Amino acid sequence: MIFTKTTEQDSHYNHLEKMSVSDLLIHINNEDKTVPIAVEKALPQIEELTKQIVKQLQLGGRLFYLGAGTSGRLGIVDASECPPTFGVPHELVVGLIAGGDSAIRKAVEFAEDSKNQGWLDLKEHKISEKDIVVGIAASGTTPYVISALIKCNAKKIPTGCITCNKNSPLANTAKFPIEVIVGPEFVTGSSRMKAGTAQKLVLNMLSTATMIQLGKVKGNKMVDMQLSNNKLVQRAQNMLVKELNIDLEKAKELLEKFGNVRNAIKNHK
């Protein structure tokens, strides 16, 4: 199979420095519009990986995201938002980035080129066959990610990936690959743009669909969300008012007593 880095191909635009702000924004927006279409084409692959994630989590396993640079940061963002949104433990969805936590804010030189650190980072979490590891790399060539997935495959740990190039080494390594082919970036090679947007969209789909399948949503509401700020407390109160046909004071009382929306609904008499 031929492997071509479409994300590294020349931009469809040239002389960007001569464009007006208006033209820059219009052209970036036009490129961004193509991303959901690329994601749509990958829906069968996204479905297969989602089903496998649900299966592993139902077995008591965990979901690991593994990436470098922008890809690693996006995985960490998605993982960090699962506990407050769905009320799950912080260790259920884990985001790991080449170079460690310091790489979240500042790039760590050559961290993504390591061929053993990815697996070492997973081993720190006592990874097992119950878990599933999703490698994220726009290029599909990141050694930190690929080498870790190779090791996981050898250990019979399920693997998936999100990449933006067709027939990449990463996609050929993962058992459940997702390939979202976004094409050249507006700024040549800047994969934080369309590729990053595609990865974010896919991560949203993976985690949200998984949590719904695990029963973390009732109707269309986040009934297990953590009430960590006033906005979320008010949202929870309004949910109870509507769901139970009660007044606001009663909703406040139920939340204070039972801690979240699900328990309040369950225990309401």
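The exercises below, each followed by a worked solution, concern a predicted model.

Residues are numbered from 1 along each chain as its sequence is written. Because the model is predicted, local features need pLDDT of at least 70 and side-chain atom pairs count only at pLDDT 80 or more, while totals for chains, interfaces and linings use all residues; side-chain values use heavy atoms, with hydrogens and water left out.

**Exercise 1. Describe the protein as a whole: how many helices and strands does it have, and what share of its residues counts as buried?**

Solution. Taking helices (H or I, at least four residues) and strands (E, at least two) as DSSP runs numbered from the N terminus, the protein has 11 helices and 5 strands. With buried meaning under 20% relative accessible area, exposed over 50% and partly exposed in between (1.4 Å probe, protein chains only), 45% of the 269 residues count as buried. Along the principal axes, the C-alpha atoms fill a box of roughly 65 × 50 × 35 Å.

**Exercise 2. Determine how helix H4 and helix H8 are arranged relative to each other, and which residues meet.**

Solution. Two packed helices are described by the angle between their axes and the distance between the axes. The axes are lines fitted to C-alpha atoms, for helices over the stretch in contact, and angles run from 0 to 180 degrees between N-to-C directions. The axes of H4 (residues 69-86) and H8 come within 10 Å and cross at roughly 30°. Angles under 35 degrees count as roughly parallel, over 145 as roughly antiparallel, 65 to 115 as roughly perpendicular and the rest as oblique, and H4 and H8 are therefore roughly parallel to each other. With contact meaning heavy atoms within 4.5 Å, the residues that meet include Leu74, Asp78 and Phe86 in H4, and Lys200, Leu203 and Met211 in H8. The residues of this contact divide into 6 nonpolar, 7 polar and 3 charged, where Ala, Val, Leu, Ile, Met, Phe, Trp, Tyr, Cys and Pro count as nonpolar, Asp, Glu, Lys and Arg as charged, and the others, Gly among them, as polar.

**Exercise 3. Repeat the analysis for helix H3 and H8.**

Solution. H3 (residues 43-58) packs on H8 at an angle of about 45°, with the axes 9 Å apart, and that angle makes H3 oblique to H8. On the H3 side the contact involves Leu43, Ile46, Leu49, Thr50, Ile53, Val54 and Leu57, and on the H8 side Val202, Met205, Leu206, Ala209, Thr210 and Gln213. The residues of the contact of H3 with H8 divide into 10 nonpolar, 3 polar and no charged.

**Exercise 4. Locate Met211 and Asp224; is each buried or exposed?**

Solution. Met211 is found in helix H8 and is buried, with a relative accessible area of 1%. Leaving aside neighbours within four places in sequence, Met211 is in contact with Cys82, Phe86, Val88, Leu92, Val93, Lys216 and Val217. Asp224 lies in the loop between H8 and helix H9 (230-244), and at 10% relative accessibility Asp224 counts as buried. With the same exclusion of neighbours within four places, the contacts of Asp224 include Phe86, Lys216 and Arg262.

**Exercise 5. Classify the pair formed by the rings of Tyr13 and Phe186.**

Solution. Rings of Phe, Tyr and Trp (its six-membered ring) pair if their centres lie within 6.5 Å; planes under 30 degrees apart count as stacked, over 60 as edge-to-face and the rest as tilted. By this rule the count comes to 1 aromatic pair. The ring centres of Tyr13 and Phe186 are 5.1 Å apart and their planes stand at 55°, so the pair is tilted. Tyr13 belongs to the segment before helix H1 (21-32) and Phe186 to the loop between strand E5 (176-179) and helix H8 (194-213), 173 residues apart. Both Tyr13 and Phe186 are buried.
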